[in-house]
Amino acid sequence: MEKIKKIGILTAGGDCPGLNAAIRAVSKPAIVKHGIEVVGISSGFLGLIEKDYIQITEERLSGILTLGGTILGTSREKPFKKKSFYFQEIEKPQVIKQNYEELGLDCLVCLGGNGTMKTAYKLSKLGLNVIGLPKTIDNDIWGTDVSFGFDSAVSIATDAIDRLHTTANSHRRIMVIEVMGHKAGWIALHSGIAGGGDIILLPEIEYREEAIADFIIKRSEKKHGSTIVVVAEGIRKPERMNAGRYISNVISGLTKMETRVTVLGYIQRGGTPSATDRIIATRYGTAALDLILNRDFGKMVALQNDQIVTIDLEQVEGKLKLVTPDHKLVMSARSMGTSFGEKERT
Ligand code: F6P
């Protein structure tokens, strides 16, 4: 089998803690153990279009395990997405293929979420050798139990919920916190349980405004001075309205109780990766290199039941992994008396 000489690596989509740990896990053994040249591509797929690269060296990798964000930068560039006809539409995928060949890459390693896996798959159909690593705080990538970035986001959100309990109790208020997750409710579900949320609202479980109010009123009648409501940003809500603010307005309107809202936002994507995310990123990066050395391309590395597996990108692209209403964590939360905002089951 022909020796692998040179690989490119890029980070695309929303950033998250753990990206640098993954870059390090692919690059360090490649450089040190196998003498492979590693090219860092800036700003996701944009860097391959604009020829914006850096040489990754062992020195450059020093200290990045614990560093948040991505040393390569990222973008949401979607090369296969046609722009409006106002723009002179260069054939971006062809430019990427040309630059990939000009660089003399044996493989392109793509760290990203659903959109990135979709682009990686389409590039593989154009003849590029690609490997995908599942990255996103949303944890909504089909085929893997967990993406890196998720554990850090859940820890950050849980810490925020812990802090809201003390101020909610002091003021005997209803505290609404909106967390990220795009169309999935994984962050809300995990942080809601870990943080002791009284109500958890998920995009995947239809809620009713009146049921939320009834639950809160019943709690106040039992002398629970405060209620914590954890809201996933992707729940049903009026167009162009922020989920957390909408739910806060609904609650104060229906219960006439003091209500406040916190939109946690990008804090969930910042800072150093959790130990768990550093380990997941390291496992994914080293597994990706094994695939490359075996020339086993067109795959995404994944974790299933804590075992590293590989999934054809063809099976991943275009799918979302969403919370199921009968998920074991939903059942556990229900056992604890947590409300998901549904009509009370009589
Ligand atoms: O996919 C990660 C994520 O943080 C989502 O949870 C969130 O909805 C989205 O990115 C925000 O996108 P942007 O970073 O482009 O504002």
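How many nonpolar, polar and charged residues are in the lining of the second largest pocket?

The model is predicted; local features need pLDDT of at least 70, side-chain atom pairs count only at pLDDT 80 or more, and totals for chains, interfaces and linings use all residues. Residues are numbered from 1 along each chain as its sequence is written, and side-chain values use heavy atoms, without hydrogens and water.

View 1. The volume of the largest pocket is about 820 Å³ (the space filled by probe spheres set on grid points joined across faces, edges and corners). A pocket is an open set of points on a 1 Å grid over the protein atoms alone, where a 1.4 Å probe fits, with protein on both sides within 12 Å along at least five of seven lines; lining residues have an atom within 4 Å of a point. Of its 35 lining residues, R76, K78, N114, G115 and H182 are the closest to the centre of the largest pocket.

**View 2. Helix 5 in the lining of the largest pocket.** Helix 5 (residues 114–125) gives the most to this lining, 6 residues (helices are DSSP runs of H or I, at least four residues, numbered from the N terminus).

**View 3. The second largest pocket.** This pocket has a volume of about 290 Å³. Among its 13 lining residues, N139, D145, V146, K321 and K328 are the closest to its centre. The lining has 5 nonpolar, 4 polar and 4 charged residues (Ala, Val, Leu, Ile, Met, Phe, Trp, Tyr, Cys and Pro count as nonpolar, Asp, Glu, Lys and Arg as charged, the others, Gly among them, as polar).

How values were computed: Helix = DSSP H or I, 4+ residues; strand = E, 2+ residues; numbered from the N terminus.
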